[in-house]
Amino acid sequence: MEKMPRLYVEAPAEECIKGGKVTRDCAIIHGGVEVWLEKGEGVPDFVEAERAKFLAKEVYDRFYLYVDGTEGRMLADAILILPDGRTRIYLKKGDELLILPVEGYTKTIIANVGNRVRRGDAFAAVTTKKGEVHYLKPPKTGTVVFIDEITNRPHYVYYILPEE
């Protein structure tokens with residue numbers, strides 16, 4: 001079974017801490033310092049709740065809820081931790097994502113979450129009912145941050161964070 005990335009999304013301080021303890025897994029960013037805490041751990045003394053940014057752990061499959069589907073912009077700050085546990089992708093509120101649908105008779109995923117896809121390289125392939133294979137290529141170079149599988153219509157939607 002493939003491991004899932006972990007997602008932390010911006011949340012109010014009240015959702016993360018109560019009485020000096022963390023009520024759910026959270027990341028606290030304060031003055032350029034990141035503090036990663038698990039449920040039940042105490043908040044360090046140097047953290048000032050009014051000046052810190054709190055990111056609460058969220059179910060990765062709910063990533064699409066934090067993206068404006070029409071404009072393709074992030075609705076909140078987020079941190080994505082890939083399954084290797086070391087690679088982190090920082091997404092800021094307002095960051096523009098490429099939202100690319102993959103529709104066809106059969107679909108083959110080529111690039112997975114965390115993979116860098118270059119402009120002109122295939123990230124997915126679709127086969128038509130006639131047996132023709134079409135390779136889908138992104139318009140910009142970027143990193144795949146989420147692949148949404150739409151269940152009521154058999155297709156995927158790629159979310160790619162483009163490079164500057």
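Modeller: The centres of domain 1 and domain 2, taken over C-alpha atoms, are separated by 27 Å. The domain assignment of the chain gives residues 6-95 to domain 1 and 97-162 to domain 2; such bounds come from an automatic or database domain assignment. Please keep in mind that this is a predicted model, in which local features need pLDDT of at least 70 and side-chain atom pairs count only at pLDDT 80 or more, while totals for chains, interfaces and linings use all residues. Residues are numbered from 1 along each chain as its sequence is written, and side-chain values use heavy atoms, with hydrogens and water left out.

How many residues of each domain are in contact with the other? On one side there are 15 residues of domain 1, in contact with 11 residues of domain 2; contact means heavy atoms within 4.5 Å.

Now look at the largest pocket, with about 360 Å³ of space. A pocket is found on a 1 Å grid over the protein atoms alone: it is an open set of points with protein on both sides within 12 Å along at least five of seven lines, whereas a cavity is a set of points where a 1.4 Å probe fits but cannot get out. Lining residues have an atom within 4 Å of a point. Grid points are joined across faces, edges and corners, and the volume is the space filled by probe spheres set on the points. Of the 15 lining residues, Met4, Tyr60, Asn112, Val113 and Ile147 are the closest to the centre of the largest pocket. Why does this pocket lie between the domains? Domain 1 and domain 2 both give residues to its lining, so it lies between them. By class, the lining has 9 nonpolar, 1 polar and 5 charged residues; here Ala, Val, Leu, Ile, Met, Phe, Trp, Tyr, Cys and Pro count as nonpolar, Asp, Glu, Lys and Arg as charged, and the others, Gly among them, as polar.

Strand β16 (residues 142-150) gives the most to this lining, with 4 residues. Strands (E, at least two residues) and helices (H or I, at least four) are DSSP runs, numbered from the N terminus. Asp148 is found in strand β16 and is buried, with a relative accessible area of 13%. Buried means under 20% relative accessible area, exposed over 50%, and partly exposed in between (1.4 Å probe, protein chains only). Leaving aside neighbours within four places in sequence, Asp148 is in contact with Tyr64, His155, Tyr156, Val157 and Tyr159.

From there, follow Tyr156 into strand β17 (residues 155-162). Tyr156 is buried too, at 19% relative accessible area. Beyond neighbours within four places in sequence, the contacts of Tyr156 include Ile147 and Asp148. Tyr156 and Val102 are 54 residues apart in sequence, yet 5.1 Å apart in space, C-alpha to C-alpha.

Finally, find Glu96 in the loop between β10 (88-91) and β11 (98-102). Is Glu96 buried or partly exposed? At 40% relative accessibility, Glu96 counts as partly exposed. Not counting residues up to four places away in sequence, Glu96 touches Glu71, Gly72, Arg73, Leu161 and Pro162. Val67 is 29 residues from Glu96 along the chain, and their C-alpha atoms are separated by 9.1 Å.
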